[in-house]
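Hi,

Here is the structure I said I would pass on.

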Amino acid sequence: MSAHEDTHAHEDHGHHHKETFVTKYIFSQDHKMIAKQYLITGTIMGVIGVFMSMMFRLQLAWPEKPNVLFEALLGKWAPNGVMDADIYLALVTIHGTIMVFFVLTAGLSGTFSNLLIPLQIGARDMASGFLNMISYWLFFLSSVIMVISLFVEAGPAAAGWTIYPPLSALPMAQGGSGLGMTLWLVSMAIFIASSLMGSLNYIVTVINLRTKGMSMTRLPLTIWTFFITAVIGVISFPVLLSAALLLIMDRSFGTSFFLSDIFIQGEVLHYQGGSPVLFEHLFWFLGHPEVYIVILPAMGLVSEIMASNSRKPIFGYRAMIASILAIAFLSTIVWGHHMFISGMNPFLGSVFTFTTLLIAIPSAVKAFNWITTLWKGNLQMNPAMLFSIGFVSTFITGGLTGIILGDSALDINVHDTYFVVAHFHLVMGISALYGMFAGIYHWFPKMFGRMLNKNLGYIHFWVTAVCAYGVFFPMHFIGMAGLPRRYYTNTNFPLFDDLANVNVIITIFALIGGIVQIVYLYNFFGSIFFGKKAEQNPWRSNTLEWTAPVKHMHGNWPGEIPHVYRWSYDYSKPGHDEDFVPQNVPLKEGEEELQH
Amino acid sequence: MTALLTIIVLVFILVAIWQMVKIFDLAQAKVENSQVANDKDNKINGYLMMGFLAFIYIITIVSFVKWGDLPLMSNAASEHGPQIDNLMIISMTLIFVVQTITQFLLHYFAFKYKGEKGRTALFFADNNKLEAIWTIIPVIVLAGLIIYGLNTWINIMGVNEDDDPLVIELYAQQFNWKARYGGEDNTLGKANVRLIDIDRANILGVDESDPNANDDVITTELHLPVGRPVLFKMRSQDVLHSAYMPHFRAQMNCVPGMITQFGFTPTVTTAEMRQTPEMTDKVTNINRIRVEKSKELLAKGEEALERYEFDYLLLCNKICGKSHYNMQMKIIVETQEEYDAWMKEQKIFKNSLIN
């Protein structure tokens, strides 16, 4: 970059204040740095969450067998190395909380919304850099509180990640419902504040700061999904906040929003007139949209990566946007499918069955469109592409069983069994994680200016892909045999003795799958410092972020922000020499813009 | 110990993989140091995609062969059970077909169109006809499923009071179940946890002043006469529980502060169920596993496991605290005569109180 351009940028936008270590790396207001902060915090939380799952998988495969690992890590919660039933429930609870909120919401959406929204729409930064910074630090604070809650005397929250009262409200019902649950609620309240600030920022930025020519129908699908995700977040997260606050009131200030007629440990409590079902409604009003908050950004990343690596336009761009909108709308009116047998009026169950099964339609459209995007492509099998194909595979496998769970009559039977666990892990857990990995492999050069090692990436993908199916495919079958989830051990039910060996198989796959993530961590942290230096546009993509220089700078582009003349999917367009045409390349004379 | 050994073995495997990558890297470094996929990568990964497709098919077949005797899809012991099972089988078949086809297309395309230098992808952005087809087909299929599903749901959840169902209260507390029968009048006395009086053994908080309560019978085993509709009224005294009776395809949460309900008609007695070929196979298999386990236990100087005999069970299926995993009650379905004889032996509520 020439000195002239450099000064030009400074004159234009006044990003010429001196940066200290603190303003550059810690209290940064630059969206690219904030994205990296989100990613690294999310990664650390992810390591904790995955490690917890490996611990309780050991317990499930070899119930009540002493293990030096437990003795060393769980201390008093593992007398003689045998995992205690209370800490088992706590591990399951915190695993769920961390993975859903801290990894797949903040880690995924926080990272890529921050990184890509300004870069792909052609903006200097987020609408409010300050709010963005606060958003990250609140997320950091809530992560710290969640981790601290693991070390509480009476144990961390253990009522399941859904924290249904009264179990979560009464310390006498469960040790973890004391200080552990208080910290959980405080952490989540702060998390929600962080998420709302982030979401508002994303919405405002996408609406107001698009560069010249970047109409809504020229936006890459990534931006569409981040935008809609933020809208869903703003609609539904406050409801969870209200549920959390009301629960805090019930727990600490003697109100009865969710509690009534309780006799526990020899005494009648004063609560009168509340209903736990009300909490379930409030919780799932967020809880269900939450799975779309998790999966939509992954869908956006996958759409972009698939088009770029297939060297083909994404198939059915308009239909993709329409299905994102349809999913977003439907996601807010299906929460009751978690409550078919909660004691809710069965008529409501019928309504929710109807709306729930409708979601299969836009989901099917998306899956078919991805598959068609591959058809007659020129597929570049980069690790990001592999994870994207893996995403579609697990999304289909996991999504199809939703047809069973969303059907109230069938749900009676498999509700809260391992069938559910297998379903949601595949369709939102593994899929979203694949989307996140795909995004990291694809945009690592943009984030760190270096490339990830592709061979390590291939090993990471293939071992993970085999293990993901190895863990969750057999799990459907123990669910269909009626095995309830959240059981510390199944040995008290001889009825399930013939399923013990399945649990061993699942655990072995889980352990391999968990440990192979070390390959990824090594690749990730190693490549930040020692990776091969990246070119400006290593994947030969069309979107605007690849027109920005490799070295990060405030304001993203030296000189003027690029103007946009076309949509982001002109791959292999006839009449061009290259198989990609970046968005900032003007239309040739007589070239028709694909009108969508 | 086994777990630890497994972990160590896994770590070694990983170290091996790691070293292999290093070698691979070093071998490649001289030729090319690009981290972008080249034709060789495309080819290898394209073939691996087909391998992975085979893996998905194999794991599906193995799972069905090994664990496919799905008790929740056959052998229902209630009148409405077969309706759910039919719907389940239809849904599973549909899923199986769609899964097989779409996974094939996805992985086959990934293999077939793996990148080669010099090849150009087809510029194919849109096709309204195709998209209409794969919107309309799911709409039709799902409409069918929704109609069938809702029909089944309404049939199951609708309680017909004209059938004169046997009314039984299922009472949940951390961590056990009680059942309360209405007695001669088949009417449950009023109850509230505020009336619990442990000293007088009124453990369910039954209202002594309600005349209907006098002949109520409280038990720790659930006995049901075969062929008679049963209407369960669920209560919980402390936290949420869920009354899960998988063999009868029945489940309903027990919610403190409200009464929930679920009704079904048991159709197969415990004795009959034990005689069915599926069940004898299952029980033989389970006992074989238990004998093997017992040998291990005896070698360690612990007690051997008891022989297993099949019984219907009521399980708790909503996380309720530390001993959630052991909250169960035996269900016995028997003939009307056996049921009457058992009922005669039970103490009625009025006589069970300590005055």
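A:Asp261 counts as buried because it has 23 C-beta neighbours inside 10 Å (buried means 20 or more other C-beta atoms within 10 Å of its own, exposed 12 or fewer, partly exposed in between, with C-beta atoms placed from the backbone). Its phi is near 45 degrees, positive in a residue other than glycine, and it sits in the loop between α8 (221-253) and β1 (263-264) of chain A. Helices here are DSSP runs of H or I with at least four residues, strands are E runs of at least two, and numbering goes from the N terminus.

Before you read on: this is a predicted model, where local features need pLDDT of at least 70 and side-chain atom pairs count only at 80 or more, while totals for chains, interfaces and linings use all residues. Residues are numbered from 1 along each chain as its sequence is written, with chains lettered from A and ligands numbered from 1 in the order in which they are written.

A:Ser572 also has a positive phi, about 55 degrees, without being a glycine. You'll find A:Ser572 in the segment after α19 (517-530) of chain A.

There are cis peptide bonds too. One runs from A:Pro165 to A:Pro166, with omega near 0 degrees; another goes from B:Gln174 to B:Phe175, with omega near -10 degrees. B:Phe175 lies in the loop between β1 (166-173) and β2 (176-181) of chain B.

As for the interface, 124 residues of chain A are in contact with 112 of chain B (contact means C-beta atoms, placed from the backbone, within 7 Å). On the chain B side, α4(B) gives the most, with 15 residues.

Cheers

Terms used. Two residues are in contact if their C-beta atoms, placed from the backbone, lie within 7 Å.
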